[in-house]
Amino acid sequence: MSTTGATADPLAVLAALPGVVESVESVRKAVDRVYGHRVMRRRSNEITSEAALRGARGSAALSGADWALEEVRRRTDFSGDDEARTVGAALRLTAEAGQLLSIWRQSPLRVLARLHLVAAAESDPRVGRPRRQGESVDEPLVELPLPGAEEVSGRLEGLSRLIIAGSAAPALVTAAVVHGELLALRPFGSRNGLVARAAQRIVLVGSGLDPKAICSAEVGHAELGRAAYVAALDGYASGTPEGMAAWIAHCGKAVELGVRESTAVCEALQRGAA
């Protein structure tokens, strides 16, 4: 996403695109409904914990480790094969994201570095810093052309300035742009998808749209499927108004599906079935 031009708030421009306004309003209404559920008044911590688990499962699925929820729930060792390590990374990121909310608006690049350190969980010197020229990226789901290191650095700095400056744009728009930009750039050598989705979670929670972290967009993205995810990302990467709007609307639909999931958990708890 270009951060230059006549407007001082490019996110607000995106928020006014056809289809985006409707998506923002639909998401807001869905979030309001689940927060108004009677179970949320008494057992919100349980909903938050369950949403975190399901969100991590969804994010891992998008990164190629599509495990059943009960398998994620029962496992304690995630050090085996690559799928197990991916699920473990998703779980760690979900837990870590909540600890970084206060830092995000002051130092988003520091938060992104921390998220990659947590996701990679290795001592490689490339971990936790943007890749340098000539360094490879392991991100098989995303097949977009890989931006060079100089472009990555410049766009990360631009994204950081946008976050620090703040925006009048709704949280959904900001979260979608952060998510899309990180996926398009793939600034780290690995685990970029997991980091991008964790950053989206931080924006949605920290903005106040989803303060209890119960509307897991990761659940919705997984439900919509990897093919739709990649197609929507292609639209974002195109930079066209239509493509950007389609990506934001896709992220909005994912949030709504996450709301539906947590609503179902509320209903199950209300029935005494969970």
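1. In this note, a residue is buried under 20% relative accessible area, exposed over 50% and partly exposed in between, with a 1.4 Å probe and protein chains only. By that criterion C251, at 0% relative accessibility, is buried. C215 is likewise buried, at 4%.

2. The model is predicted: local features need pLDDT of at least 70, side-chain atom pairs count only at pLDDT 80 or more, and totals for chains, interfaces and linings use all residues. Residues are numbered from 1 along each chain as its sequence is written, and side-chain values use heavy atoms, without hydrogens and water.

3. The structure contains zero disulfides, a disulfide being a pair of cysteine sulfur atoms within 2.5 Å. For C215, the closest cysteine sulfur belongs to C266 and lies 9.6 Å away, too far for a bond. C251 is in no disulfide either, since its nearest cysteine sulfur, in C215, is 14 Å away.

4. The largest pocket has a volume of about 550 Å³. Of its 28 lining residues, D82, E122, D138, S190 and R191 are the closest to the centre. A pocket here is an open set of points on a 1 Å grid over the protein atoms alone, where a 1.4 Å probe fits, with protein on both sides within 12 Å along at least five of seven lines; lining residues have an atom within 4 Å of a point. The volume is the space filled by probe spheres set on the points, which are joined across faces, edges and corners.

5. Helix 5 (82-97) and helix 7 (108-120) each supply at least two residues of this lining. Helix 5 gives the most, with five residues. Helices are DSSP runs of H or I, at least four residues, numbered from the N terminus.
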